[in-house]
Amino acid sequence: MRTLLLKSLFARPVTIKRLAPDEIALEEVGRALEARTRRLFGRSITIREVDAGSCNGCELEIHALNNAIYDVERFGIRFAASPRHADVLLVTGPVTRNMKIALERTYAATPDPKWVVAVGDCGCGCGVFEGSYAVIGAVDKVIPVDLHIRGCPPRPIDLLRGLVALMDGATRRAHNPR
Amino acid sequence: MQDVTIASLLSRFSPLAHHKPWPRYEVDAETWVRIGKALAAGEGDLLALWGEPKAVHMALRVASAKPCVISLAVAKRQFPSIGIHHLPAIRLERTIRDLYGLRPTGAQDERPWLDHGVWGVSAPLGPRTRTEPAVATGYAFRPVHGEGLHQIPVGPVHAGIIEPGHFRFTANGETVARLEERLGYVHKGAESLLSGAAIEKAGRIVARLSGDSTVALSFAFARAVEAALDIVVPTRAQVLRGVMAELERIANHFGDVGAICNDAAFALIHAHCGIFRESVLAATDQAFGHRLMMDVIVPGGVARDIEADGAGALIAMLDNVAPGFSEIVRLYDDTPSLQDRTCATGVVSRELVRKWAAGGHVGRASGRNFDSRRDLAYAPYDGVAFDVPVFEAGDVDARVWVRIREVEASMRMLRTWLAALPGGPLRTEMPTATDTHEGIAVVEAFRGDVLVWIRLAADGTVARCHVRDPSWFQWPLLEAAIENNIVADFPLCNKSFNCSYSGHDL
């Protein structure tokens, strides 16, 4: 292990910075996000992820935000284990009837001010599960949604871009409360 | 495994002509029960048990005969329970009852399984669907008696970025006396959506039943349709399917090895495995235009070709990742504090994995030498030699090692295929259906064998489709694995299984 740690000490970071278009976007996204998060929440926002019926595809890509390549924490975004610690609920769907109560309770347990982001084609619409007896559908049919990030599943870079858009919306709302 | 009883029982029946490639027999209730008892006696593996409005079916694997499907016509919405003889059938029968309203007679566990009381209908797929008020029903967890016991309810919303399900622990201090699972939270009514769907739409639904296994699910669906319609897939498409299936396997195994170590608070391996996984996904994106390779495998072949520089990008990725992975494997092997957590933790016995016919790393870590790529061989695996690692200890450590060795075997297979991709067409035209056709296929997903059974109607649409995720026969064993372990080791055990919630709940 010592050799490995020593190597890591001298190796260049694997975290992507620039070059390919997506990577540039990520860098831009990160910087923009950081400035706005600072203004709103001091230095950070905390996200609670809720799977309300997803196939787990979206979860895999949300997970990827935490890896060393995207390293979302460097932008002040972190994931929490409890909704009581969260500013943002990141919800995937389609919301199943069997998950409705759990989603409503998770929303109720999240302190104000809070924002909800619906993730994925199923969370934003109903995806391929439209018309099933077991499915309610889009997240906004159960709780109010501030932002939709589409994709099946959305790439990690799309998720990051989406969170910036949320910060824009949140800033406006903080200045002009509804 | 002896199959004297099952083979002789079935010799009295002749298989239906339109079911392929395995024979399907329509049997009487007595034979149905005797086969159930033979399964309980260890004469075969129960691969699936599913319903439709007026029949129930079982897929079996027996040692010296072809695998087969047994069907029983259902009278008065009842069928004799297999679960009273062969325990792995219990949850499957509870599901048949929830979805179809068919009652397994003699069954002792009459609690619903997927139906939580809030669908607004009962028996949504059955012959008699009734509208019901949507009221969440309580669930009677099994009582646990004893001094000093307390319960810990966990879920359905979990602490991590994972799927929902409920775990009810009964603990004595730190030690788990019993775990009972309650699943069904992500039930999306897939079977109802598949009935009557066009093949293309059905394929898109099946690809989204468990996102981590989307390639394997599409692969199994495509092969079931191809079996039903006698379609021969072009060689290039076959090899590309194998490439995608192995890429999915290594990506998931990287993720799992990292996550298991992370649950033992060893973040270093997690960080490196996260990079490996991301490298695979970036390369698959470059080669196939989608990080998870969704909807690329379709009945008849593949929907798109690999990018011109795709094979090169994938080989470069393998060259890049392989040395780092060996180093991480060495680190895992050389770190006693980590192995202190994984060794002898969450042991599953050989008897249990055999009885449940548990596939994937769960079975192979407990001595069950089965891999559908080899034992129910299909293209392109019938043309390559590969290792099927089997371990005996049955603990978290053994499940880690199965994954490590499988990654190595998959990488070798990938290199062989990518070095010489065959040319030729990508897809065979679908013939026009004129009659009812049925097909079945099993594909080895990263977590075990996925089974898809399909009936195509004369108009070419899907009449019925049943998908059985490997998790059905792994979830129950997790309850056994955690017994007498400490509560704090549950995440470790759970991650070492990595069962699917969505694939199970369907």
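Me: How many bridges join strand 1 of chain A to strand 2 of chain A, and do they run parallel or antiparallel?
Reply: Three bridges join strand 1 (residues 45-51) to strand 2 of chain A, and the two strands run parallel. Two strands pair if DSSP finds at least two bridges between them. Strands (E, at least two residues) and helices (H or I, at least four) are DSSP runs, numbered from the N terminus.

Me: What kind of model is this, and how are things numbered?
Reply: This is a predicted model, in which local features need pLDDT of at least 70, side-chain atom pairs count only at pLDDT 80 or more, and totals for chains, interfaces and linings use all residues. Residues are numbered from 1 along each chain as its sequence is written, while chains are lettered from A and ligands numbered from 1 in the order in which they are written.

Me: Back to strand 2 of chain A. What stands opposite Ile47(A) there?
Reply: Phe79(A) does.

Me: And which sheet is that part of?
Reply: An open sheet of five strands in chain A, with the order 2-1-3-5-7 and parallel pairing. Its edge strands are strand 2 (77-79) and strand 7 (147-149) of chain A, each of which pairs on one side only. Neighbouring strands are turned by 30 degrees against each other on average, direction ignored. For such angles, axes are lines fitted to C-alpha atoms, for helices over the stretch in contact, and angles run from 0 to 180 degrees between N-to-C directions.

Me: What does helix 3 of chain A lie across?
Reply: Helix 3 (residues 57-64) of chain A lies across strand 1, strand 3 (88-92) and strand 5 (115-119) of chain A, and runs at about 140 degrees to strand 3. Residues count as in contact if their C-beta atoms, placed from the backbone, lie within 7 Å.

Me: Now chain B. What is the strand order in the sheet there?
Reply: Four strands of chain B form an open sheet in the order 2-5-4-3, and the pairing is mixed. Strand 2 (24-27) and strand 3 (45-52) of chain B are the edge strands, each pairing on one side only.

Me: How many bridges join strand 4 to strand 5 of chain B?
Reply: Six bridges join strand 4 (residues 55-61) to strand 5 (residues 68-73) of chain B, and these strands run antiparallel. Ala59(B) stands opposite Val69(B) in strand 5 of chain B.

Me: Which strands does helix 2 of chain B lie across?
Reply: Helix 2 (residues 29-40) of chain B lies across strand 2, strand 3 and strand 5 of chain B, at about 135 degrees to strand 5. Helix 3 (residues 90-100) of chain B also packs on the sheet, where it touches strand 3 and strand 4 of chain B.

Me: Different topic. How do helix 9 and helix 14 of chain B pack?
Reply: Helix 9 and helix 14 (residues 396-419) of chain B pack at an angle of about 155 degrees, with their axes 11 Å apart. That makes the two helices of chain B roughly antiparallel (under 35 degrees counts as roughly parallel, over 145 as roughly antiparallel, 65 to 115 as roughly perpendicular and the rest as oblique).

Me: Which residues meet in helix 9 and helix 14 of chain B?
Reply: Among them are Leu314(B), Leu318(B) and Phe325(B) in helix 9 of chain B, and Ile404(B), Met411(B) and Arg415(B) in helix 14 of chain B. The contact divides into twelve nonpolar residues, no polar and one charged. Ala, Val, Leu, Ile, Met, Phe, Trp, Tyr, Cys and Pro count as nonpolar, Asp, Glu, Lys and Arg as charged, and the others, Gly among them, as polar.

Me: How many residues does each chain give to the contact between A and B?
Reply: Chain B gives 42 residues and chain A gives 41. On the side of chain B that touches chain A, helix 8 of chain B gives the most, with four residues. By class, that side of chain B has 21 nonpolar, twelve polar and nine charged residues.

Me: Last one: is Gly359(B) buried or exposed?
Reply: Gly359(B) is buried, with 29 other C-beta atoms within 10 Å. A residue is buried if 20 or more other C-beta atoms lie within 10 Å of its own, exposed if 12 or fewer, and partly exposed in between, with C-beta atoms placed from the backbone.

Me: Where is Gly359(B), and what does Gly359(B) touch?
Reply: Gly359(B) is in the loop between helix 11 (350-356) and helix 12 (360-364) of chain B. Not counting residues up to four places away in sequence, Gly359(B) touches Phe370(B), Gly448(B), Asp449(B), Pro470(B) and Phe473(B).

Methods:
Two residues are in contact if their C-beta atoms, placed from the backbone, lie within 7 Å.
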